[in-house]
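Please look through the sequence and the fold shown here, and keep both in view while working through the questions and answers that follow.

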Amino acid sequence: MTRSVVRRPATVADAVRDLAELGADGAPLAGGTWVMRAPLRGVPVARVYVALDGLAELRDIRTGDGVVEIGAGVTHAELAAVDGPPALAGLVEAARRSAFPAVRSVATVGGNIAAVGFPEADLVPALLAADARVVLATPEGERTEDLATYLASRPGRPAGELIVRVVVPVPAGRRSAFERLTVRGGGEYAVASVALSVDLDGATVSAARVAVGGVEKAARLSSAAAAVLVGSPLDEATAERAGQAAANGCTAREGLDAPGWYRLAVLPALARRAAAALTSTPDDQQE
Ligand SMILES: Cc1cc2nc3c(=O)[nH]c(=O)nc-3n(C[C@H](O)[C@H](O)[C@H](O)COP(=O)(O)OP(=O)(O)OC[C@H]3O[C@@H](n4cnc5c(N)ncnc54)[C@H](O)[C@@H]3O)c2cc1C
C-alpha cells in the first residue's frame, strides 16, 4: 500500500509551486473527506499531498460590488452559517443539508468542486444555478473560469492549479433555493438534487438557472427547465413542469442507492419544493 507524504506550504504561492513541481505525484489535500475514501473507491492515493488547511488566504468570505467571494478552504459548516442575500440562499442551504456535522466541519468548498467522480456533490448544483465562477491560482498567475467549463474539463486539469475561491453574483431581486432527496433521510448522499436561481420582474420570472445534481455523472444546468420558468409566475405547478423538462433532458445513472428512472421521477417534486421555498415567507418556514 502506498504511504503518502504531506507537505504543509505557508502560502498559496508555495502550494502552487509544490503542486507544479510534483506533477502527477502530487494533489491538494483540503478537508480530506473525499481523499480519505480513495481506497474504498479503488482509486490510488497520491504520493504527496499538499495540505491547504493552514492557508488563511483560502478561508475568507467577502461581500462587495454585487458579488460574494467564498474561499476554497471555507467549510460546509462555515458556509451553512452565512446570513447572506437571497441570491446565496440555495448555496447556503446546500451546505446545510450536505453530509453530517463532523464532515461539514472539515469538508471544503474547493474539495466539493474538485472531487472527480462525485455526482452527489451538493454544493456544485447550487453553485451552477448561482452562476458562480471559479478563481484558480496557477504558476502563471490567477485565472477565472466559468464553473461549468471547469467541471467539464476534469479530470486532466494542469498540475499546479488550485481553486482559491468562487465568485457568486448576488444581484438584488435574485432568489435561489436547493432541494435534495436521500433514500433514508439525513445527510447521506443525495439520490437527486435541484437548485433554482431566479430573477423576478414583479411576480414574473425574468431569468432563471436550474441545475440538477446526483442524476448524471456530474451536476449540470438544464436550459430546458430554465426556459419553462422564464416569462411565467414563480409557482409550484410551473416549477414542477420545469423539473419534468430537466428530467426529459437527463440520462440518469444507475446506482445501488437508486435506479436511473427513480432519479428522473423525483425531479419534478424537487423542483416544486425548491419553488415553494422561494415563495414561502419566514413565517411559513417556522416549524
Ligand atoms: C461520510 C461522508 C458523507 C458525505 N456526504 C456528503 C454529502 O452528502 N454531500 C456532499 O456534498 N459531500 C459529502 N461528503 C463530503 C465530501 O467528501 C466533500 O463535500 C467534498 O467533496 C470534499 O471536500 P474536502 O475538503 O474534504 O476535499 P478533499 O478530500 O481534501 O479533496 C477532494 C478532492 O479535491 C481536490 N482539492 C481539494 N481542494 C482543492 C482546491 N482548493 N483546488 C483544487 N483541488 C482541490 C483534492 O486533491 C481531491 O482530489 C461526505 C463525506 C463523508 C466522509
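Q: Where is the place of Ala-159?
A: This is a predicted model, in which local features need pLDDT of at least 70 and side-chain atom pairs count only at pLDDT 80 or more, while totals for chains, interfaces and linings use all residues. Residues are numbered from 1 along each chain as its sequence is written, and side-chain values use heavy atoms, with hydrogens and water left out. Helices (H or I, at least four residues) and strands (E, at least two) are DSSP runs numbered from the N terminus, and Ala-159 sits in the loop between helix 8 and strand 8.

Q: Which residues does Ala-159 touch, not counting residues up to four places away in sequence?
A: Buried means under 20% relative accessible area, exposed over 50%, and partly exposed in between, with a 1.4 Å probe and protein chains only; at 42%, Ala-159 is partly exposed. Contact means heavy atoms within 4.5 Å, and beyond those sequence neighbours Ala-159 touches Leu-19, Ala-20 and Gly-23.

Q: How far apart are the end C-alpha atoms of helix 10?
A: The expected span of a helix is 1.5 Å times one less than its number of residues. Helix 10 (residues 236-248) has 13 residues and should therefore span 18 Å, which agrees with the separation of its end C-alpha atoms, 18 Å.

Q: Which residue has a side-chain N or O atom 2.7 Å from a nitrogen atom of the ligand?
A: The ligand is surrounded by 34 residues, and Pro-28, Thr-33, Thr-108, Asn-112 and Asp-122 are the closest; a residue is near a molecule if one of its heavy atoms lies within 4 Å of it. The side chain of His-76 has an N or O atom 3.3 Å from an oxygen atom of the ligand, whereas the residue at 2.7 Å from a ligand nitrogen atom is Asp-122.

Note on methods. A polar contact is a pair of N or O atoms within 3.5 Å; within protein, one must be able to donate a hydrogen and the other to accept it, and residues adjacent in sequence count only if both atoms are side-chain atoms.
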